[in-house]
Amino acid sequence: MTTIVDDLQRAVSQHQDKPALVHGDNSLSYSELWTLAEKVATLLRQQGLERGGRVVLIIENSPEYAALYYGVLLAGGVVVALNTAAKEDELNNWIAHAGATFGFAKPAVLNCKSSEPAKIFLIRRIDEGTQLIVSLDKISSMDIHLQSCEINENDLAAIIYTSGTTGEPKGVMLSHKNLAANMASIREYLPIEADDRVLNVLPFYYSYGNSVLHTNLGVGATIVMENSMMFPAKVVESMQNHEVTAFYGVASTYAILLSRAKLENYNLSSMRYVTQAGGPMPPAHIEQIMCAIPQSKFFMMYGQTEATARLGYIPAELINKKLGSAGKAIPGVELEIRDNNGHPVPYGTEGEIYAKGENIMQGYWKNPEMTQEILNTGWLRTGDIAKMDEDGYIYMTGRRTDMIKSGANRISPKEIEEKLAELEDIEESAAIGIRDDILGQAIKVYIVKKEGSDILKQTVMKHCKKNLAPYKIPKEVEFIEQLPKTASGKLQRFKLIER
Amino acid sequence: MSVEQKVRLYILENFLFTDDETALNSADSFLEKGILDSTGILEVIYFLEDDFGIKVDDEDMVPENLDSVNNIVKFIGTKTQAA
């Protein structure tokens, strides 16, 4: 089996001086990327990183992110890339759960004192806190060479945390085989080529962005980064200036582009294909994008972090015929719809999507019970409810879990409810996802006040904004007399959704 | 209250949740400092349209106009003059 490290090494040998990653004025060629990754790996080994040791990355998308990712893998380590928008206590929770000794982060993120708070440092976690070892700038200028470390396909390569501030963090364990299999499948159905110039706005710490990074670097393409959709015109300008050939987004990315950037004013004639994943996209938006970039192919895709990234897709030529579908299984993956007893159901019947393939995760880190619950049949229970047509295309009808999907983020309602419970004036609360034109879903919380309390919405919002990552902040707050519950006192969240 | 003070206060209260004036420099990039994201900027636009009576067009949504307190103050000045 060839790992993603092997793929990169091959790309490096073929495209040495070509830009691999570009972010504004900052870039790394393929040979620079590889050299830096080797230096990072050597340093980690010198510092005592053992095979299978977890290394956190708390770094925004940048050329260096990729070098650090591959550096950790080259050292035999496991990459734990964390959400850079998370609050400090959330980051500390994940780091502790992963048992990570080393990491790369800016000192300010972990509240470390440093005269260079904005630089990336190799850090070591010690009992007393976090120790800064050396800045990435210094690592870059070191003259060190790697003693190669053999990678086994079943070795763990990455842990991706999908949720969890309190309670049980869900760390998806991906092996080298998982990553290699899924990246190879994606390259089978997407027309990824060495000549591509890809514009990426997706965070690399999530599975979708992670797949964009590795599928493209593995063939020698150039990834141009824009790290925010805050200024959509800047993103489209970058597409035009770099003569970008491919673009990846979630539904909210396209909603923002369509509502806030005049695509028709730009020359996007170099675009060969665009993709969408991470939750349903309104068919009207798909049609508008296809009108705005008519020569470009449009790929609708479906996936989960538990499947490394990708499970399904609609071939570009069938996008109109299968509009509304999440797609059929990608190469190397089997999808089935099953009933509550785990038995396959006939075409057209609603049930849960089960998935099988070499891309399915090894389980949840340090959580055998949750792993057993979701992988016990040898298939992955996705939690997505859908029907399948006779051509094998799935049509989503709902979710088995209460998770809220907002933009590219999966949010557990409990995370918000637990944070609200910290307010003394709140008796109880329930968070749900409500329809949002830009994000797909936004968060709404229903709150029951304590008797006699006159707590205001502003107080609730202020508490949320102070203590929750931006993507977890409710858009709407409503006070109600009581939450709908069963006779046994279990919250009936669906009744709130139906309101 | 000057335009700059008003904008600063809005950002401090709504995105940094503090009244500590030193938490924000008027030249700080909202994007680079992670103060705003793609939905936060829309909230800022609603604030500018409501409180300053200006119209923020799609082509105005560029860092030069909106990516710091200083840029916003300059932008409001230009928009108000043009009106």
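Predicted model: local features only at pLDDT ≥ 70, side-chain atom pairs only at ≥ 80, totals over all residues.

Colleague: Which parts of chain A does the pair of Glu90(A) and Lys472(A) tie together?

Modeller: Glu90(A) belongs to helix H4 (residues 88-98), while Lys472(A) sits in the loop between helix H13 (457-467) and strand S26 (476-479), so the bridge ties together parts that are 382 residues apart in sequence. Helices (H or I, at least four residues) and strands (E, at least two) are DSSP runs, numbered from the N terminus.

Colleague: Are Glu90(A) and Lys472(A) buried or exposed?

Modeller: Buried means under 20% relative accessible area, exposed over 50%, and partly exposed in between, with a 1.4 Å probe and protein chains only. Glu90(A) has 3% and Lys472(A) has 2%, so both count as buried.

Colleague: What makes the bridge between Lys419(A) and Glu422(A) count?

Modeller: Its closest N and O atoms are 3.2 Å apart, which is within the cut-off for a salt bridge. Lys419(A), at 14% relative accessibility, is buried, whereas Glu422(A), at 46%, is partly exposed.

Colleague: And how do you know that Asp57(B) and Lys55(B) form a salt bridge?

Modeller: For Asp57(B) and Lys55(B), the closest N and O atoms are 3.7 Å apart, so this pair also meets the definition. Asp57(B) is partly exposed at 27%, and Lys55(B) is exposed at 54%. There is also a network in which salt bridges that share partners join Arg260(A), Lys262(A), Asp58(B) and Glu59(B).

Colleague: Let's turn to rings. Why is the pair of Tyr10(B) and Phe15(B) called edge-to-face?

Modeller: Rings of Phe, Tyr and Trp (its six-membered ring) pair if their centres lie within 6.5 Å; planes under 30 degrees apart count as stacked, over 60 as edge-to-face and the rest as tilted. Tyr10(B) and Phe15(B) are 5.9 Å apart centre to centre, with 70 degrees between the planes, so they are a pair and edge-to-face. Tyr10(B), at 13%, and Phe15(B), at 14%, are buried. Phe47(B) and Phe52(B) are edge-to-face as well, at 5.8 Å and 90 degrees, and both are buried.

Colleague: What makes you say that Lys6(B) lies over the face of Phe52(B)?

Modeller: A charge sits over a ring if NZ of Lys or CZ of Arg is within 6 Å of the ring centre and within 35 degrees of the ring normal. Lys6(B) is at 4.9 Å from the ring centre of Phe52(B). Lys449(A) likewise lies over the face of Phe479(A), at 4.5 Å from the ring centre.

Colleague: How do you know that the buried residues of H11(A) are on the same side?

Modeller: In helix H11 (residues 368-375) of chain A, the buried residues are Met370(A), Thr371(A), Ile374(A) and Leu375(A). They cover an arc of only 110 degrees around the axis, which puts them on the same side; the arc is that of the directions from the helix axis to the C-beta atoms. Pro368(A), Glu369(A), Gln372(A) and Glu373(A), on the other side, are exposed.

Colleague: Finally, where is Asp60(B) found, and is it buried or exposed?

Modeller: Asp60(B) is in the loop between helix H2 (38-52) and helix H3 (63-66) of chain B. Its relative accessible area is 11%, so Asp60(B) is buried.

Terms used:
Residues numbered from 1 in each chain as written. Chains lettered and ligands numbered in written order. Heavy atoms only, no water. Salt bridge = Lys/Arg side-chain N within 4 Å of Asp/Glu carboxyl O.
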